[in-house]
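Take a look at it first, then read on.

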Amino acid sequence: MKFELIATDSSSSARAGLMQTDHGTIETPIFMPVGTAGTVKAVHQRELKDDIQAQIILGNTYHLYLRPGLDTIQKAGGLHKFNGWERPILTDSGGYQVYSLSDIRKIKEDGATFQSHIDGSKHLFTPENVMDIQRVIGADIIMAFDECTPYPCDYTYARKSMEMTHRWLKRCCDRFDSTEGLYGYNQTLFPIVQGSTYKDLRIRSAETIASFEREGNAIGGLSVGEPAPEMYEMTEVVTNILPKSKPRYLMGVGTPMNILECIALGIDMFDCVMPTRNARNGMLFTKHGIINIKNEKWKNDFSPIDETSDLYADQVYTKAYLRHLLQSKEILGAQIASLHNLHFYLWLVKEARKHIIQGDFIQWKNNMVVDMAKRL
């Protein structure tokens, strides 16, 4: 993977860049739709490519490992062949999912033992086998195996967890560097900064992660319940340390406002389930504010979902019709709302990139975060 900075903002740490992978070029800053189990929920791959204009999507190691299983994915020729997505893919190592299984997992130096949420069977994830699993899945960018700490988190636990994540990273790198991809294209390994919301731990972790000199770096353990100001503070601490010449990925973030504020802090890559999950519950994000389409006020609103959008679904379907579909629990409602929100997120980062290159990003960003937070 290669990363090139195209422009930087003079009034903030925002950057516009280009990432080159064997499955295509990614313009940063970028939002990556989450396709946990090999699919972005309720969205066809053609819609992802043509309507949403996604440049890279996510898969999840934990979920894909359990179902359909590695044997099926390898026989298919990797996740790209299995799900029909020809552009880049990133896989989360499963560390966050293991963290979320707090009642049915045990974390030790060797790795994490957990029970499947599907059938209760027991499994072990180690730094080594997580690298092997992600080789089989075949994503372009794969993540190191880490422990994601909860919020709030005791300082001693956060420190010990971070130190173990660093030891695990060494094992991940050794395994990754001693193996080859299975499908004839290159894969890239990103380490993950941890340290909870403790500044000294974040500094130490960022310095350690940077010392491994991988092709990109990620920031984990944020957006797990901490107040937004703490997330921004920790993000800024880390971006001031991570090398400017490499992409920075803030994992699991977030709202449109979060994304713009973190672009200003120097983040290049984002992912979050929010646009699709909230869409299925009737929350639509727009440049003018947030719409709860289930509210009575939209019942007889026959205007397009978003008159300013170039998305087919936004122009053809009305607010009243989308409300009716979601109230009726029709699958099409989830599809239309998911298309809208994902298209908006991709539009937002594309606009951010344009304003970074034009040199007026901060003024634009400050106006956008106020408008987008309004309740319509």
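Setting aside neighbours within four places in sequence, Ala279 is in contact (heavy atoms within 4.5 Å) with Met274, Leu326, Ala337, Ser338 and Asn341. Ala279 sits in helix H11, residues 274–280. Helices here are DSSP runs of H or I with at least four residues, strands are E runs of at least two, and both are numbered from the N terminus. With 0% relative accessibility, Ala279 counts as buried; that term means under 20% relative accessible area, with a 1.4 Å probe and protein chains only. Ala279 and Gly333 are 54 residues apart in sequence, yet their C-alpha atoms are 8.8 Å apart in space.

A word on where this comes from: it's a predicted model, where local features need pLDDT of at least 70 and side-chain atom pairs count only at pLDDT 80 or more, while totals for chains, interfaces and linings use all residues. Residues are numbered from 1 along each chain as its sequence is written, and side-chain values use heavy atoms, leaving out hydrogens and water.

Two packed helices are described by the angle between their axes and the distance between the axes.

| Helix pair | Axes come within | Crossing angle |
|---|---|---|
| H13 (residues 319–327) and H14 (residues 331–358) | 7 Å | roughly 130° |
| H14 and H15 (residues 361–372) | 8 Å | roughly 155° |

The axes are lines fitted to C-alpha atoms, for helices over the stretch in contact, and angles run from 0 to 180 degrees between N-to-C directions.

Which residues bring H13 and H14 into contact? On the H13 side they are Tyr321, Leu322, Leu325 and Leu326, and H14 brings Leu332, Gly333, Ala334, Ile336 and Ala337. By class, that contact has eight nonpolar residues, one polar and no charged ones. Nonpolar covers Ala, Val, Leu, Ile, Met, Phe, Trp, Tyr, Cys and Pro, charged covers Asp, Glu, Lys and Arg, and the others, Gly among them, are polar.

Over at the other pair, Phe344, Trp347, Leu348, Glu351, Ala352, His355 and Ile356 of H14 meet Phe361, Trp364, Met368 and Met372 of H15. The residues of this contact divide into nine nonpolar, one polar and one charged.

H14 also lies across strands E1, E2 and E3, running at about 120° to E2.

**The strands**

Those three strands form an open sheet in the order E1-E2-E3, with antiparallel pairing. Strands pair if DSSP finds at least two bridges between them. The edge strands are E1 (2–8) and E3 (24–28), each pairing on one side only. E2 (residues 15–21) and E3 are joined by five bridges, and Leu18 has Glu27 in E3 as its bridge partner.

Elsewhere, E6 (residues 89–92) runs parallel to E5 (residues 57–60), with four bridges between them, and parallel to E10 (residues 141–143), with two bridges. Leu58 has Leu90 in E6 as its bridge partner, while Thr91 stands opposite Ile142 in E10.

Methods
Buried means under 20% relative accessible area, exposed over 50%, partly exposed in between (1.4 Å probe, protein chains only).
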